[in-house]
Amino acid sequence: MSEAATPPGSVPGTVFPPGFDPVAESVEKTLCFRGFWAWAVLILLIALGISLFMWLLRKCIQGPAYRKANRIDGKVVIVTGCNTGIGKETVLELAKRGARVYMACRDPGRCEAARLDIMDRSRNQQLFNRTLDLGSLQSVRNFVERFKAEESRLDILINNAGIMACPRTLTADGYEQQFGVNHLGHFLLTNLLLDRLKHSSPSRIVVVSSAAHLFGRINREDLMSEKNYGKFFGAYSQSKLANILFTLKLSNILKGTGVTVNCCHPGVVRTELNRHFAGPGWMKSVLQTGSLYFFKTPKAGAQTSLRLALDPQLESSTGGYYSDCMRWPLVPWARNMQTADWLWRESEKLVGLPPLEPPPPGQSPTQNGNGTQNGIGSSSASATANPASGEMQSVETVVVNRS
C-alpha cells in the first residue's frame with residue numbers, strides 16, 4: 001500500500017487535522033510568495049521608491065521658498081524685465097504684499113498684459129506699466145526722468161532683466177548687447193536712482209546675476225568682445241561677473257547710507273531666457289522636455305530675489321551673493337576689488353556719468369577698455385553714436401545726484 005506524498009517542507013510523520021490538504025496549502029503559499037502577486041508587490045514597491053526619490057529630487061531642485069508673511073504696504077518698488085518669468089512672479093508676490101510696483105519692461109504691450117493679470121490675481125491696483133529698454137542709455141534716462149516726476153521715494157530696486165547667449169549684436173549706443181543690457185543699462189539706472197534710494201533708506205537694491213559668472217572674466221583688452229565672441233562662456237558670463245563686481249563696489253560706496261545691495265543666482269529656471277538656443281531641433285526638444293522636471297519654475301526662481309527684497313533679517317546685510325535663499329562665498333576673481341574698481345570707472349565712462357573717484361595715475365580719463373576714446377560725454381549732455389546712421393545725436397540727460 002502506497003504512502004501519501006509528503007508535501008515539500010513538511011516533516012515526515014506529521015499528523016494534519018481533518019480536511020486539511022497540505023498539497024493545496026503548499027501551492028497557495030507558492031502562488032502568494034513566488035507567483036504573480038510576489039512580482040506585483042515587488043514592482044509596486046520599486047515604483048513607490050522611485051516616486052519618492054523623484055519627489056525629493058524635485059523638491060531639492062525647486063529649492064527653499066521665502067515664507068515670512070511680512071507686508072510692504074505703500075513701499076515703492078521698481079522691477080526690470082517683469083512681463084514674464086522670474087520678474088513677473090516677483091512682481092506678483094510684491095503686489096500681494098501691498099507694494100506700489102513700477103514694471104519696467106522693453107515691450108509695453110506684453111508688460112500691460114502681465115500687469116492686468118497680476119492686478120487680477122493680487123487685487124492690487126498699484127501697478128504701473130513703464131517702458132524701459134536697457135539696450136538704450138537714452139531710454140534709461142527717459143525712464144528715470146519720468147519716475148522721478150511721479151515718485152519722491154524708492155524703497156526697492158530689483159535689477160532683474162537680462163538676455164542670454166544671443167548672437168553678437170550691438171545696443172543703440174554701439175556696445176555689445178549682453179554686456180550693454182545685463183550690466184551697463186542697470187549700472188546707469190541704479191546710479192541715476194541712488195538719490196531716491198538714499199532718501200527712502202533703509203532701502204534695498206537686488207541684482208540678479210548667475211552662477212555663469214564662474215566661467216566669466218573681465219576682458220580689459222576686449223570688453224565688447226570685438227576680437228573674440230562667445231555667446232555663453234564669453235559675453236554672457238562676463239556680463240554676469242560684471243553684475244557681481246558692480247554689487248561689491250556699490251556696497252562699499254553705499255556704506256553708512258542705509259541702502260543695501262546684494263546679488264543672487266536664481267537657479268536654472270524654465271524661462272524664455274534660452275530663446276536664442278541654436279542647437280539641433282532634437283536637442284532643443286529634449287531640453288524643453290527635461291526642463292519641465294529638472295529646471296526650477298519661475299516662481300521657485302524668484303524666491304531668492306524675494307528674500308533679498310523682503311526679509312527683515314537682511315535689512316543691514318550688503319555686498320552678498322545668494323543662491324537658494326542662502327549666502328554663498330565668491331570665487332577669487334568675483335571678489336577682486338581691483339577689477340571691480342576698474343570696471344566701475346570704465347562703466348562710468350561708457351554710460352556718461354561723472355567719476356565718483358579720480359582715475360589712477362597714468363590713465364587717461366577718457367580712455368575706455370578697448371583702448372579707444374569714449375564717445376559718451378558729461379552728465380548734463382552726452383553724444384551717443386547711432387550705429388545705423390553713423391551720425392552723432394545730442395542727448396539730454398537727467399540731473400545726476402549720487403551724493
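1. Helix 11 (residues 303-310) lies across strand 4, strand 5 (203-208), strand 6 (259-265) and strand 7 (321-323). Helix 11 runs at about 160° to strand 5. Helices (H or I, at least four residues) and strands (E, at least two) are DSSP runs, numbered from the N terminus. Axes are lines fitted to C-alpha atoms, for helices over the stretch in contact, and angles run from 0 to 180 degrees between N-to-C directions. Contact means heavy atoms within 4.5 Å.

2. A word on the basis. This is a predicted model, in which local features need pLDDT of at least 70, side-chain atom pairs count only at pLDDT 80 or more, and totals for chains, interfaces and linings use all residues. Residues are numbered from 1 along each chain as its sequence is written, and side-chain values use heavy atoms, with hydrogens and water left out.

3. The sheet is open and has eight strands, in the order 3-2-1-4-5-6-7-8. Its pairing is mixed; two strands pair if DSSP finds at least two bridges between them. Strand 3 (127-131) and strand 8 (326-328) are the edges, each pairing on one side only. On average, neighbouring strands are turned by 25° against each other, direction ignored.

4. Strand 1 (residues 76-80) and strand 4 (residues 156-159) run parallel, joined by three bridges. V79 stands opposite I158 of strand 4. Helix 3 (residues 85-96) packs on the sheet and touches strand 1, strand 2 (100-105), strand 3 and strand 4. The direction of helix 3 makes about 165° with that of strand 1.

5. Which residues touch the most other members of the largest nonpolar core? They are I78 and I205, in a core of 55 residues. A nonpolar core is a set of buried Ala, Val, Leu, Ile, Met, Phe, Trp, Tyr and Cys residues joined through side-chain atoms within 4.5 Å. Buried means under 20% relative accessible area, exposed over 50%, partly exposed in between (1.4 Å probe, protein chains only). Another core, of 32 residues, lies apart from it and includes V79, L127, I156 and L310.

6. W328 is in strand 8. Is W328 buried or partly exposed? W328 is partly exposed, because its relative accessible area is 43%. Not counting residues up to four places away in sequence, W328 touches Y321, Y322 and S323. A polar atom of the W328 side chain lies 2.9 Å from the backbone oxygen of S323. The W328 side chain also reaches the backbone oxygen of M326, at 3.3 Å.

How values were computed:
Polar contact = N/O pair within 3.5 Å; in protein donor to acceptor, adjacent residues only side chain to side chain.
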